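Please go through the structure below and work out how its parts are held together.

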Amino acid sequence: MCKKKIYIVDDHPIVCEGLEQLLNQEDDLYVCGCAHDSETAMRSIGAVMPDLVIVDVSLEGKSGIELMAEISRTFPGVPILALSMYSDSLLVDRALKAGAMGYVSKHDATTSIIKAIRQLFRGAIYLSDTMAEQLLDTIYGKKLPLDALLVDKLSRREFEVFRLIGQGVNNHEIAEILHVSIKTVETHRAHIKEKLSLKNANELLRCAFQWVENLQ
(Lines give C-alpha, C1' and ligand atoms only; values in the text may rest on other atoms or scores of the structure.)
Protein backbone atom coordinates (compact mmCIF):
# COMPACT_ATOMS: atom_id res chain seq x y z
CA MET A 1 0.00 0.00 0.00
CA CYS A 2 1.28 3.46 -0.91
CA LYS A 3 1.27 5.51 2.27
CA LYS A 4 0.11 9.15 2.26
CA LYS A 5 2.73 11.65 3.42
CA ILE A 6 1.72 14.03 6.23
CA TYR A 7 3.72 17.15 7.14
CA ILE A 8 3.20 18.82 10.55
CA VAL A 9 3.81 22.47 11.47
CA ASP A 10 3.56 23.17 15.21
CA ASP A 11 5.89 25.18 17.46
CA HIS A 12 5.49 22.70 20.33
CA PRO A 13 7.85 19.73 19.79
CA ILE A 14 5.78 17.50 22.08
CA VAL A 15 2.72 18.05 19.86
CA CYS A 16 4.72 17.14 16.74
CA GLU A 17 6.07 14.01 18.41
CA GLY A 18 2.63 12.97 19.65
CA LEU A 19 1.02 13.44 16.25
CA GLU A 20 3.87 11.62 14.54
CA GLN A 21 3.43 8.60 16.82
CA LEU A 22 -0.34 8.65 16.31
CA LEU A 23 -0.27 8.94 12.52
CA ASN A 24 2.58 6.45 11.97
CA GLN A 25 0.42 3.78 13.60
CA GLU A 26 -1.95 3.96 10.64
CA ASP A 27 -1.29 1.52 7.79
CA ASP A 28 -1.79 4.13 5.07
CA LEU A 29 -0.27 7.27 6.68
CA TYR A 30 3.18 8.40 7.75
CA VAL A 31 4.71 11.69 8.87
CA CYS A 32 7.34 12.82 6.37
CA GLY A 33 8.51 15.85 8.36
CA CYS A 34 7.84 18.44 11.06
CA ALA A 35 8.62 22.15 11.37
CA HIS A 36 8.31 24.59 14.25
CA ASP A 37 8.19 27.81 12.20
CA SER A 38 6.80 29.06 8.89
CA GLU A 39 10.07 29.58 7.02
CA THR A 40 11.31 26.04 7.70
CA ALA A 41 7.89 24.68 6.81
CA MET A 42 7.78 26.34 3.39
CA ARG A 43 11.28 25.11 2.48
CA SER A 44 10.56 21.56 3.62
CA ILE A 45 7.11 21.31 2.05
CA GLY A 46 8.61 22.26 -1.30
CA ALA A 47 11.27 19.57 -0.88
CA VAL A 48 9.17 16.61 0.32
CA MET A 49 5.83 17.53 -1.35
CA PRO A 50 3.50 15.98 1.24
CA ASP A 51 -0.02 14.80 0.48
CA LEU A 52 -1.44 16.84 3.39
CA VAL A 53 -0.17 19.51 5.80
CA ILE A 54 -1.32 19.97 9.41
CA VAL A 55 -0.79 23.56 10.60
CA ASP A 56 -1.12 24.96 14.12
CA VAL A 57 -3.13 28.19 13.99
CA SER A 58 -1.13 29.85 16.80
CA LEU A 59 2.45 29.72 15.57
CA GLU A 60 4.95 32.24 16.91
CA GLY A 61 6.10 34.85 14.41
CA LYS A 62 4.13 34.49 11.19
CA SER A 63 0.80 33.06 12.28
CA GLY A 64 -0.57 29.72 11.18
CA ILE A 65 -3.34 31.55 9.31
CA GLU A 66 -0.79 33.41 7.20
CA LEU A 67 1.18 30.20 6.63
CA MET A 68 -1.97 28.43 5.43
CA ALA A 69 -2.59 31.20 2.92
CA GLU A 70 1.01 30.94 1.69
CA ILE A 71 0.84 27.14 1.38
CA SER A 72 -2.48 27.42 -0.45
CA ARG A 73 -0.98 29.89 -2.95
CA THR A 74 2.31 28.04 -3.44
CA PHE A 75 1.07 24.44 -3.33
CA PRO A 76 -2.61 24.66 -4.34
CA GLY A 77 -3.04 20.90 -4.63
CA VAL A 78 -1.99 20.16 -1.04
CA PRO A 79 -4.91 20.01 1.44
CA ILE A 80 -4.44 21.83 4.77
CA LEU A 81 -5.80 20.75 8.14
CA ALA A 82 -5.84 23.51 10.78
CA LEU A 83 -5.04 22.52 14.37
CA SER A 84 -5.72 24.79 17.35
CA MET A 85 -6.19 25.04 21.09
CA TYR A 86 -9.24 27.19 20.34
CA SER A 87 -12.57 26.44 18.68
CA ASP A 88 -13.59 30.08 18.28
CA SER A 89 -15.84 30.49 15.22
CA LEU A 90 -13.88 33.51 13.98
CA LEU A 91 -10.61 31.54 13.90
CA VAL A 92 -12.37 28.67 12.12
CA ASP A 93 -13.69 31.13 9.53
CA ARG A 94 -10.24 32.72 9.08
CA ALA A 95 -8.56 29.33 8.64
CA LEU A 96 -11.07 28.22 6.00
CA LYS A 97 -10.72 31.51 4.13
CA ALA A 98 -6.92 31.11 4.22
CA GLY A 99 -7.19 27.77 2.46
CA ALA A 100 -7.69 25.13 5.18
CA MET A 101 -10.13 22.33 4.34
CA GLY A 102 -10.59 21.25 7.93
CA TYR A 103 -10.23 22.47 11.52
CA VAL A 104 -9.54 20.27 14.54
CA SER A 105 -9.26 21.36 18.16
CA LYS A 106 -6.39 19.97 20.23
CA HIS A 107 -9.02 19.20 22.86
CA ASP A 108 -10.80 16.78 20.50
CA ALA A 109 -10.20 13.06 20.71
CA THR A 110 -7.19 11.83 18.72
CA THR A 111 -9.57 9.85 16.53
CA SER A 112 -10.94 13.18 15.26
CA ILE A 113 -7.60 13.99 13.63
CA ILE A 114 -7.54 10.66 11.79
CA LYS A 115 -11.16 11.16 10.74
CA ALA A 116 -10.42 14.70 9.54
CA ILE A 117 -7.39 13.60 7.50
CA ARG A 118 -9.36 10.87 5.74
CA GLN A 119 -12.21 13.26 5.02
CA LEU A 120 -9.83 15.81 3.48
CA PHE A 121 -8.33 13.10 1.28
CA ARG A 122 -11.85 12.46 -0.01
CA GLY A 123 -12.04 16.13 -0.99
CA ALA A 124 -14.51 17.05 1.76
CA ILE A 125 -14.29 19.75 4.44
CA TYR A 126 -14.02 18.59 8.06
CA LEU A 127 -15.47 20.43 11.06
CA SER A 128 -16.75 18.95 14.29
CA ASP A 129 -20.49 19.31 14.89
CA THR A 130 -19.81 22.01 17.50
CA MET A 131 -17.53 23.99 15.18
CA ALA A 132 -19.98 23.71 12.29
CA GLU A 133 -22.78 25.05 14.49
CA GLN A 134 -20.61 27.95 15.69
CA LEU A 135 -19.62 28.80 12.13
CA LEU A 136 -23.24 28.85 11.00
CA ASP A 137 -24.00 31.20 13.89
CA THR A 138 -21.19 33.44 12.64
CA ILE A 139 -22.44 33.44 9.06
CA TYR A 140 -26.02 34.22 10.00
CA GLY A 141 -25.17 36.56 12.86
CA LYS A 142 -26.77 34.48 15.60
CA LYS A 143 -25.42 34.43 19.15
CA LEU A 144 -22.24 36.17 17.99
CA PRO A 145 -20.47 38.61 20.34
CA LEU A 146 -20.28 42.16 19.03
CA ASP A 147 -16.48 42.27 19.25
CA ALA A 148 -16.20 39.21 16.99
CA LEU A 149 -18.44 40.87 14.42
CA LEU A 150 -16.18 43.93 14.50
CA VAL A 151 -12.96 41.96 14.20
CA ASP A 152 -14.39 40.20 11.15
CA LYS A 153 -14.14 43.54 9.31
CA LEU A 154 -10.34 43.44 9.42
CA SER A 155 -8.06 42.26 6.62
CA ARG A 156 -5.85 39.23 7.27
CA ARG A 157 -2.80 41.38 8.09
CA GLU A 158 -4.84 43.82 10.23
CA PHE A 159 -6.22 40.83 12.10
CA GLU A 160 -2.66 39.61 12.81
CA VAL A 161 -1.67 43.04 14.13
CA PHE A 162 -4.83 43.12 16.27
CA ARG A 163 -4.08 39.64 17.67
CA LEU A 164 -0.50 40.61 18.55
CA ILE A 165 -1.66 43.83 20.22
CA GLY A 166 -4.01 41.73 22.34
CA GLN A 167 -1.07 39.55 23.37
CA GLY A 168 0.77 42.60 24.68
CA VAL A 169 3.26 42.89 21.81
CA ASN A 170 4.50 46.44 21.11
CA ASN A 171 4.91 48.12 17.71
CA HIS A 172 8.63 47.37 17.38
CA GLU A 173 8.10 43.69 18.17
CA ILE A 174 5.13 43.45 15.79
CA ALA A 175 7.26 44.95 13.01
CA GLU A 176 9.97 42.32 13.63
CA ILE A 177 7.50 39.42 13.83
CA LEU A 178 5.67 40.37 10.63
CA HIS A 179 8.84 41.57 8.82
CA VAL A 180 7.42 45.02 8.09
CA SER A 181 8.37 48.58 9.05
CA ILE A 182 7.11 50.31 12.18
CA LYS A 183 5.37 52.83 9.93
CA THR A 184 3.43 49.97 8.32
CA VAL A 185 2.39 48.69 11.75
CA GLU A 186 1.21 52.19 12.69
CA THR A 187 -0.79 52.37 9.47
CA HIS A 188 -2.45 49.03 10.26
CA ARG A 189 -3.26 50.27 13.77
CA ALA A 190 -4.89 53.39 12.32
CA HIS A 191 -7.00 51.30 9.93
CA ILE A 192 -8.04 48.97 12.75
CA LYS A 193 -9.16 51.89 14.91
CA GLU A 194 -11.15 53.32 12.02
CA LYS A 195 -12.82 50.03 11.09
CA LEU A 196 -13.68 49.19 14.70
CA SER A 197 -14.74 52.77 15.55
CA LEU A 198 -12.17 53.03 18.34
CA LYS A 199 -11.25 56.54 19.45
CA ASN A 200 -7.66 56.08 20.57
CA ALA A 201 -4.81 53.66 21.31
CA ASN A 202 -6.17 52.83 24.77
CA GLU A 203 -9.51 51.72 23.35
CA LEU A 204 -7.69 49.64 20.73
CA LEU A 205 -5.55 48.00 23.41
CA ARG A 206 -8.53 47.29 25.65
CA CYS A 207 -10.57 45.83 22.75
CA ALA A 208 -7.68 43.61 21.60
CA PHE A 209 -6.93 42.40 25.15
CA GLN A 210 -10.59 41.55 25.68
CA TRP A 211 -10.81 39.58 22.43
CA VAL A 212 -7.67 37.55 23.21
CA GLU A 213 -8.89 36.90 26.75
CA ASN A 214 -12.23 35.60 25.42
CA LEU A 215 -10.31 32.94 23.46
CA GLN A 216 -8.86 31.43 26.63
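The questions and answers below concern a predicted model.

Q: How many helices and strands are there in the protein?
A: The elements are DSSP runs numbered from the N terminus. On that basis the protein contains 11 helices and 6 strands.

Q: What percentage of the residues in the protein is buried?
A: A residue counts as buried when its relative accessible area is under 20%. The protein has 216 residues, and the buried share of them is 47%.

Q: What percentage of the contacts with a separation of 6 or more is between residues 24 or more positions apart?
A: Contact means heavy atoms within 4.5 Å. Among the contacts in the protein with a separation of 6 or more, the share from residues 24 or more positions apart is 66%.

Q: Which residues have the most contacts inside the largest nonpolar core?
A: The largest nonpolar core has 47 residues. A second, separate core has 19 residues and includes Cys 16, Leu 23, Ile 114 and Ala 116. Inside the largest core, the residues with the most contacts are Val 55, Met 68, Ile 71, Tyr 103 and Phe 162.

Q: Which residues does Val 55 touch, not counting those up to four places away in sequence?
A: Val 55 is among the residues with the most contacts inside the largest nonpolar core. With residues up to four places away in sequence left out, Val 55 touches Val 9, Gly 64, Leu 67, Met 68, Ile 71, Ile 80, Leu 81, Ala 82 and Leu 83.

Q: Is Ala 116 buried or exposed?
A: Ala 116 lies in helix α5 and is one of the residues of the second core. Beyond four places in sequence, Ala 116 touches Leu 81, Val 104 and Tyr 126. The relative accessible area of Ala 116 is 0%, and the limit for burial is under 20%. Ala 116 is therefore buried.

Q: How far apart in space are Ala 116 and Tyr 103, C-alpha to C-alpha?
A: Tyr 103 is among the residues with the most contacts in the largest core, whereas Ala 116 belongs to the second, separate core. Ala 116 and Tyr 103 are 13 residues apart in sequence, and their C-alpha to C-alpha distance is 8.0 Å.

Q: Are α8 and α10 roughly parallel or roughly perpendicular to each other?
A: Helix α8 (residues 156-166) packs with helix α10 (residues 182-195), their axes being 10 Å apart. The angle is about 90°, and angles of 65 to 115 degrees count as roughly perpendicular. The two helices, α8 and α10, are therefore roughly perpendicular.

Q: Which residues in α10 meet residues in α8?
A: The α8 side consists of Arg 157, Glu 158, Val 161, Phe 162 and Ile 165. By class, the contact of α8 with α10 has 4 nonpolar, 2 polar and 4 charged residues. The residues in α10 are His 188, Arg 189, His 191, Ile 192 and Lys 195.

Q: Which residue forms a salt bridge with Asp 28?
A: A search of the whole structure finds 7 salt bridges. In the one with Asp 28, the closest N and O atoms are 2.6 Å apart, and the partner is Arg 118. Asp 28 lies in the loop between α1 and β2 and its partner in helix α5, so the pair ties together parts that are 90 residues apart in sequence.

Q: Which residues are linked with Asp 10 in a network of salt bridges?
A: Lys 106 forms a salt bridge with Asp 56, with the closest N and O atoms 3.4 Å apart. Lys 106 is in the loop between β5 and α5 and Asp 56 in strand β3, 50 residues apart. Lys 106 counts as partly exposed at 24% relative accessibility, whereas Asp 56 counts as buried at 2%. The residues linked with Asp 10 in the network are Asp 56 and Lys 106.

Q: How many residues apart are Arg 163 and Glu 160?
A: Arg 163 forms a salt bridge with Glu 160, the closest N and O atoms being 2.9 Å apart. Both residues, Arg 163 and Glu 160, are buried. Both lie in helix α8, about one turn of the helix from each other, and the separation of Arg 163 and Glu 160 is 3 residues.

Q: Which residues does Glu 66 touch, not counting those up to four places away in sequence?
A: Glu 66 is found in helix α3 (residues 64-74). Glu 66 is buried, with a relative accessible area of 10%. With residues up to four places away left out, Glu 66 touches Arg 156, Arg 157, Glu 160 and Leu 178.

Notes
Residues are numbered from 1 along each chain as its sequence is written. This is a predicted model: local features need pLDDT of at least 70, side-chain atom pairs count only at pLDDT 80 or more; totals for chains, interfaces and linings use all residues. Side-chain values use heavy atoms; hydrogens and water are left out. A nonpolar core is a set of buried Ala, Val, Leu, Ile, Met, Phe, Trp, Tyr and Cys residues joined through side-chain atoms within 4.5 Å. Buried means under 20% relative accessible area, exposed over 50%, partly exposed in between (1.4 Å probe, protein chains only). Axes are lines fitted to C-alpha atoms, for helices over the stretch in contact, and angles run from 0 to 180 degrees between N-to-C directions. Helices (H or I, at least four residues) and strands (E, at least two) are DSSP runs, numbered from the N terminus. Angles under 35 degrees count as roughly parallel, over 145 as roughly antiparallel, 65 to 115 as roughly perpendicular and the rest as oblique. Ala, Val, Leu, Ile, Met, Phe, Trp, Tyr, Cys and Pro count as nonpolar, Asp, Glu, Lys and Arg as charged, and the others, Gly among them, as polar. A salt bridge is a side-chain nitrogen of Lys or Arg within 4 Å of a carboxyl oxygen of Asp or Glu.
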